[in-house]
Amino acid sequence: MSKSFIAILLLAVLTSACNQPVNVTTLPTLTPIANTINPTPSETPTPLFVTATEDLLVTATGSACAAPAPRVQIGEKVLVTVEDWDKLKLRSEAAVSANSIVMELDQYSQLKILEGPVCVYSAETDYSYWFWKVVVIPSGEIGWVAEGDYSHYFIQKY
């Protein structure tokens, strides 16, 4: 086949695909997961509801969390996968601020998930992150880490 014939055929296929109607469906029902948003001592814990659509998760308040879908769960052991030049920050709270940094974690640091996830929006980066409360193995340091950003994950199961 000639290149011009293939180009015309490809153009015809793409044109017909672009003219197909798109069905918009409603989001699935929210499903509770076994964790809570951190309540104050006087409050009853509020379950964190998460539902997965293609790239979007919805929290209990109905707001969208634009972070990548969580891939880890409470109780799992994970490895830090960010490059050593871009260390993962262990934070005192689920927040993106310089004041919350407890320590920097090297690539391949081992962690165990204790709580989460909590969706946090950062005005500084204009992005949302899923944060998990973790314990650093073997030091025992406890804090919060972000699971990933719009381009990649920072931790993975092992």
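**Close-up 1. Asp 106 and its salt bridge to Lys 87.** In this predicted model, Asp 106 is partly exposed, with a relative accessible area of 38%, and it forms a salt bridge with Lys 87 in which the closest N and O atoms are 2.5 Å apart. Asp 106 sits in the loop between β7 (101-105) and β8, whereas Lys 87 belongs to the loop between β5 (77-80) and β6 (88-91), so the pair ties together parts that are 19 residues apart in sequence. Lys 87 is likewise partly exposed, at a relative accessible area of 25%.

**Close-up 2. The salt bridge between Glu 104 and Lys 89.** The closest N and O atoms of Glu 104 and Lys 89 are 3.8 Å apart, and the pair links strand β7, which holds Glu 104, to strand β6, which holds Lys 89, across 15 residues. Glu 104 is partly exposed at 43% relative accessible area, and Lys 89 is partly exposed at 23%.

**Close-up 3. The salt bridge between Glu 115 and Lys 133.** Here the closest N and O atoms lie 3.7 Å apart; Glu 115 is in strand β8 and Lys 133 in strand β9 (residues 127-137), so the contact ties together parts that are 18 residues apart in sequence. Both residues are partly exposed, Glu 115 with a relative accessible area of 28% and Lys 133 with 24%.

**Close-up 4. The one disulfide of the structure.** Cys 65 is joined to Cys 119 with an S to S distance of 2.0 Å, linking strand β4 (residues 64-65) to strand β8 (residues 110-122) across 54 residues. The torsion about the S-S bond is about 90 degrees, so the disulfide is right-handed. Cys 65 counts as buried, at 0% relative accessibility, whereas Cys 119 is partly exposed, at 24%.

Key: Residues are numbered from 1 along each chain as its sequence is written. This is a predicted model: local features need pLDDT of at least 70, side-chain atom pairs count only at pLDDT 80 or more; totals for chains, interfaces and linings use all residues. Side-chain values use heavy atoms; hydrogens and water are left out. A disulfide is a pair of cysteine sulfur atoms within 2.5 Å. Helices (H or I, at least four residues) and strands (E, at least two) are DSSP runs, numbered from the N terminus. Buried means under 20% relative accessible area, exposed over 50%, partly exposed in between (1.4 Å probe, protein chains only). A salt bridge is a side-chain nitrogen of Lys or Arg within 4 Å of a carboxyl oxygen of Asp or Glu.
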